[in-house]
Amino acid sequence: MKKFFLALLFALIALLGVLLFNTVQFKSRQFDVVAEPAPKISERTLENFKSAIRYKTISYGDSIPTDTAQFFGFHRFLEKTYPLIHKNLEREKVKDFSLLYKWQGQNPGANPIVLMAHMDVVPVEPGTESIWQVDPFEGVIKNDTIWGRGTTDDKMNLIAIMEAVEKLLSENFIPARTIYLSFGHDEEIGGQGAIAIANLLESRNLKADLVLDEGGIITLDKIPGITQPVALVGTSEKGYMSLQLSVELSGGHSSMPAPETAIDILTKAIVNLRANPFDADFSQSTKDFIQYIGPEQPFLQKMVFANQWLFKSVIVGIYEQSPGGNAMVRTTIAPTVINAGVKDNVIPTLAKATINFRLLPGDTQETVIAKVTKAIADPRVKISKLSFGNDPSAVTPIDGYGFKTVEKAARKTFQGTIVAPFLMIGATDSRHFGKVSDQIIKFSPMNDPIGFHGIDERISLKGFQDGIWFFEQLIKSIE
Ligand SMILES: [Zn+2]
């Protein structure tokens, strides 16, 4: 008995030793560089951003056609506001409204980089205009903050890129590599503009060493144990798919219901689906996130993150506690539309539901459909794919040129900010650029923007200033 306890004691000491060793070895990966504060922005730069907000470049979807005058007006605004860009860069219009600029670099043999943004915005939901504190399309400055639809998504990125390039041109700067500026016009409704630009670049055999699009932001107090701001630099993006479930069964009068109706079968299918969630797993981007965030955490959390071999289920448990965290570790299932019946005393013959899935890297549309079919396990439920969908994006390596370049520029711009790779849950235009580059980064250089797709969308003047500075530092640091 004594021998057993001694053995147990030694085993515990050995385990503790391994845990401590791994924790001590878990070193910070933060780029060692001193940030330089952003120069003050001029009144004119501010006016330019305000003007950009005033164009109602709204993507409505199928129901309402595009207001072409707003988009052409926005093009003219860019021409007028950024004369050096329009004098020195080649510009092409793609799919009428999307814009592609080419800024010739010093080294024509080097692979180019692509900076992306989109000029369209989501509509202001009818009935919510009065809840806004300002007119969403007026471009108002209040409390050192710029308010309006599109301030954070995504006109800030677009204007910040234009301001940085125009300024560098005024200083006769020539980038080391060729830089493309790619501005889509319909990101919010699928990104046909970005698809066409990607096809165009591919047809010219262009391979980019970095594609940078909107994505993760700089958050504060969102990551447990971390008190500094964290720049979330997206290195992959979840996939997207919607399935329609439909059940057709002879209906009849509600006074004599059969044991099972179409509605019964459909709702049972949804319940079964929800009761069988996809397995939780760390995608490569989340593993990378842990490698970057773990060493910055207080000792205990650091020990947990440093010893995933032992604590993986603990970490997954932490993620699963919030819907946002849960979405980082699994393919999600969300019933979004349900339809059946027209009258209270008629049993409908047809019941339909739409289920939206966001696919974790590792899953594909095919594997999800197979799993759904198995979970529902009822051939009376027809499963069909709704038109557009896409598999998860490839993962951008964190040791490649693309990530390193963005990481360095972020550290140089945002004082005391931890930079970490992460998995983007939302979709961006850059998902269409897989054939142009294997180094796609999804990052919006914005400090805690507010009201994304919602009410009172806004960004602080400081945030706008830092955003321009980020793009300037990025372009200057390109080698
Ligand atoms: Zn966007």
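The protein is divided into domain 1 (43-215 + 394-477) and domain 2 (239-385), with bounds that come from an automatic or database domain assignment. This is a predicted model, in which local features need pLDDT of at least 70 and side-chain atom pairs count only at pLDDT 80 or more, while totals for chains, interfaces and linings use all residues. Residues are numbered from 1 along each chain as its sequence is written.

**The two domains**
- Taken over C-alpha atoms, the centres of domain 1 and domain 2 are 32 Å apart.
- Domain 1 gives 9 residues to the contact and domain 2 gives 14, where two residues are in contact if their C-beta atoms, placed from the backbone, lie within 7 Å.
- On the side of domain 1 that touches domain 2, 9 residues are nonpolar, none polar and none charged. Nonpolar covers Ala, Val, Leu, Ile, Met, Phe, Trp, Tyr, Cys and Pro; charged covers Asp, Glu, Lys and Arg; the others, Gly among them, count as polar.

**The sheet and its helices**
- An open antiparallel sheet is formed by 4 strands in the order S11-S13-S9-S14. Strands (E, at least two residues) and helices (H or I, at least four) are DSSP runs, numbered from the N terminus, and two strands pair if DSSP finds at least two bridges between them.
- Strand S11 (332-340) and strand S14 (381-385) are the edge strands, each pairing on one side only.
- From one strand to the next, the twist averages 25°.
- S11 and strand S13 (residues 350-359) pair in the antiparallel sense over 8 bridges, and isoleucine 333 stands opposite phenylalanine 357 in S13.
- Helix H7 (residues 262-275) lies across strand S9 (239-248), S11, S13 and S14, at about 15° to S13. Helix H12 (residues 365-376) lies across S9, S13 and S14, at about 35° to S9.
- These angles run from 0 to 180 degrees between N-to-C directions, with axes fitted as lines to C-alpha atoms, for helices over the stretch in contact.

**The nonpolar cores**
- A nonpolar core is a set of buried Ala, Val, Leu, Ile, Met, Phe, Trp, Tyr and Cys residues joined through C-beta atoms within 7 Å. Buried means that 20 or more other C-beta atoms, placed from the backbone, lie within 10 Å of the residue's own.
- The largest core has 88 residues, of which Ile161, Val211, Val233, Val406 and Ala420 touch the most other members.
- Helix H5 (residues 151-170) supplies the largest share of this core, 8 residues.
- Both domain 1 and domain 2 give residues to this core, so it lies between them.
- A second, separate core of 19 residues includes Leu243, Val247, Leu273 and Ala351.

How values were computed. Buried ≥ 20, exposed ≤ 12 C-beta atoms within 10 Å, placed from the backbone.
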